[in-house]
Amino acid sequence: MDHLLEVSNLKIWDSSTGKVIVPNSSFHVKQGSCLAIVGESGSGKSVTCKAVMKLNKAGIRQAGDILFKGENLSDLSEKDMRKKRGKQLCMILQNGMRAFDPSCVVGTHFLQMLAVHFDWSRDEMTTKLKHAMECVMLKEPLAVMNQYPHQLSGGMLQRLMIALAIVLEPDIIIADEPTTALDTISQYEVVEQFIRLRERMGCSMIFVSHDLGVVKKIADEVLVMKDGIIVEKGTTRAIFSGAQHEYTRYLVSTKLALSHHFEQIMGGVSVAER
Amino acid sequence: MGLYIVRKVCLTVPLLMVISFLTFILNNLSPMDPAEVVLQAQGVPVITDELIAQTRAELGMDQPFLIRYFQWLMACLQLDFGDSYITGEPVWSLLGPAFLNTLKLTLVSIIVIIGLSIALGVICALKEGGLLDKSVRGVSFFLTAMPSYLLAGLMTWYFSVKLDLLPTSGMDSYRSYLLPVTVIAVSYVGIYFRIVRSSMLSNLNEDYVLYGRACGLPEKTITLHILRNSLQVAISVFGMAIPVLLGSTVVVESVFAWPGLGTLSVKSILSRDFPMIQAYVLILAVAFVLFNTFSDMMNAALNPKLRKDL
């Protein structure tokens, strides 16, 4: 079985209004591959990711099968699901600035989290974290651990989440628009870390983004969503060269038009194309 | 953090100076001549201008304003607030015990208020929209809307008269606290638990809660994180609630014949007993400043962002 995660007939709806957010979607993630989910805001990308983690808000219901390593997550109790979260399915959020408790130093968060999943001593945890933080190019890891979220930059916090993922060694990483809230330089660094993360750990990944440049660099397969419906899926190459669906072609062409414009202004190789 | 506390405490000094000055001025702006008040209180039949001038000299009223202020301030620092115009007794011998009684009532009430507000706020936020949340909010709305004298009357009638369980008035044992504390707490908890609840709710939707859950943190740990962030608003409110309570227990005090500040201050105000009023206003103002500073410190301990600026 080479599908690490197989989602079938996933339906997500808002129980209070009865509005269906995702009517019926099925997709899978192969072992060791990276699936990108692209689409405009409000197309149901984030909700789909959270549905895989079973972390949508109380009012939002979901139905359908989520097979993870042959086990149906939909049938798991909250308690069993909690053991899987972090350890096997790891999530990386969009806004690093808001992903950590603002009243605690980031180290507290990490130690609490590792203590839930591993029986390591405090020293062991610190050593592993230190190593992981060096991996994501964070200098002076111990000093960073003793800082509050507001003292660090968005890019650093994003890389901290990646570092945590390195320590947790999950089977799949779900990254929900990890580069959207960053400036171009931090974005570049973070994407670089994501690529290295995959090379190092060989883990699977779901990468949500509306930045096609990033997607082109990182993803093996692409899934295009519009209004909760998967309009197209295929390999990255196929999507970028010969998209079938009109909406995908539209997305790709706007992206090309933008970078073409950028090239004209800057002259020479576009940064966005790198 | 140590430096923050020192700075905060230093900042209260000029504030207290301004407050004491204003207290002093306010009384001097009063249309009635203090000397006349004293003479009336002593039952002098015919008040002549001569007598007034003589009394003014006795009271030190003929001296320049600023000198009088500093003399008064220095005396106040030694808890000497002068003598009551009406009874002639030292103000502190009347005000001190009354203040202590009110402080006791206030502190017991505030502990109950804080405990209940946090407990109810957390439970209602976690069960948002549930039956418990709705019923607690409904009942609290009803109780808060009830004026405290009505509630006090009803409770005295039921628990003290009908069931004969609790004393109707006075301040004898811990049982005397039950009714007044309940009456005070009911009117405040209804408001404060909503503050805790709504700030819990707004924190529940924060990304750090989602990330915590996504990392597999147990709900208990997450709730503690949320509570820590939610309490910051509540602590400022609680900090202000203590002095507000100190100054506003008058209704409850008179219903339950509690020998406290409320009753005494109303009496003094009605008889224009200036030294008493001055001391009362000053004590409350100082309490405001102190508890506010204290709540700022608590907040700084909880919120790292606050420690930097000042």
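Predicted model: local features only at pLDDT ≥ 70, side-chain atom pairs only at ≥ 80, totals over all residues.
Two residues are in contact here if their C-beta atoms, placed from the backbone, lie within 7 Å. Among the contacts in chain B with a separation of 6 or more, 73% join residues 24 or more positions apart. The secondary structure of this chain consists of 14 helices and zero strands. Along the principal axes, its C-alpha atoms fill a box of roughly 85 × 55 × 30 Å. Chain B has 310 residues, and 34% of them are buried.

One helix of chain B shows how burial can be arranged around an axis. In an α-helix there are 3.6 residues a turn, so residues three or four places apart point the same way. Helix α12 of chain B spans residues 261–270, and its buried residues are B:Leu261, B:Gly262, B:Leu264, B:Ser265 and B:Ser268. Viewed down the axis of α12(B), these buried residues fall within an arc of 165 degrees, so they line one face of the helix. The cover over them includes α5 (91–126), α10 (219–248), α11 (250–255) and α13 (274–302) of chain B. Just after α12(B) comes B:Arg272, with a positive phi of about 50 degrees.

Chain A brings strands into the picture. Strand β3 of chain A covers residues 34–38, and five of its five residues are buried, so the strand is largely enclosed by the rest of the structure. Side chains in a regular strand alternate between the two faces of the sheet. In β3(A), A:Cys34, A:Ala36 and A:Val38 point one way, while A:Leu35 and A:Ile37 point the other way; all are buried. Strand β8 of chain A (residues 204–208) runs parallel to β3(A) and is joined to it by four bridges. One of the residues involved is A:Cys34, whose bridge partner in β8(A) is A:Met205. A parallel pairing over four bridges also links β3(A) with strand β9 of chain A, residues 221–226. Here A:Val38 stands opposite A:Val224 of β9(A).

What of the nonpolar core? The largest one holds 144 residues, of which A:Ala36, A:Ala163, A:Ala165, A:Ile174, A:Ile206 and A:Phe207 touch the most other members. Helix α8 of chain B (residues 174–204) supplies the largest share of this core, with 13 residues. Leaving aside residues up to four places away in sequence, A:Ile174 touches A:Cys49, A:Val52, A:Met53, A:Leu89, A:Met91 and A:Ile206.

Chain A also contains an open sheet of four strands, in the order β2-β1-β4-β5, with antiparallel pairing. At its edges stand β2 (20–30) and β5 (71–72) of chain A; each has a single partner strand, so one side of each is left without a neighbour in the sheet. Strands β1 (residues 3–14) and β4 (residues 60–68) of chain A pair in the antiparallel sense over eight bridges. Within this pairing, A:Trp13 has A:Arg61 of β4(A) as its bridge partner. Helix α1 of chain A (residues 45–53) packs on the sheet and touches β1, β2 and β4 of chain A, its direction making about 115 degrees with that of β1(A).

Most residues other than glycine have a negative phi. A:Asn9, however, has a positive phi, near 50 degrees. This residue, A:Asn9, is found in strand β1 of chain A. It counts as exposed because A:Asn9 has 11 C-beta neighbours inside 10 Å, and the limit for an exposed residue is 12 or fewer. A:Glu177 likewise has a positive phi, near 45 degrees. A:Glu177 lies in the loop between β7 (172–176) and α7 (184–201) of chain A. With 21 other C-beta atoms within 10 Å, A:Glu177 is buried.

Finally, the two chains meet in a contact that takes 19 residues from chain B and 22 residues from chain A. On the side of chain B that touches chain A, the elements giving two or more residues are α9 (207–214), α10 and α14 (304–308) of chain B. The most comes from α9(B), which gives six residues to this side. By type, the residues of this side of chain B divide into nine nonpolar, five polar and five charged.

Conventions:
Residues numbered from 1 in each chain as written. Chains lettered and ligands numbered in written order. Buried ≥ 20, exposed ≤ 12 C-beta atoms within 10 Å, placed from the backbone. Pairing = 2+ DSSP bridges. Core = buried A, V, L, I, M, F, W, Y, C linked by C-beta atoms within 7 Å. Axes fitted to C-alpha atoms, helices over the stretch in contact; angles between N-to-C directions. Arc of directions from axis to C-beta. Nonpolar A, V, L, I, M, F, W, Y, C, P; charged D, E, K, R; others polar.
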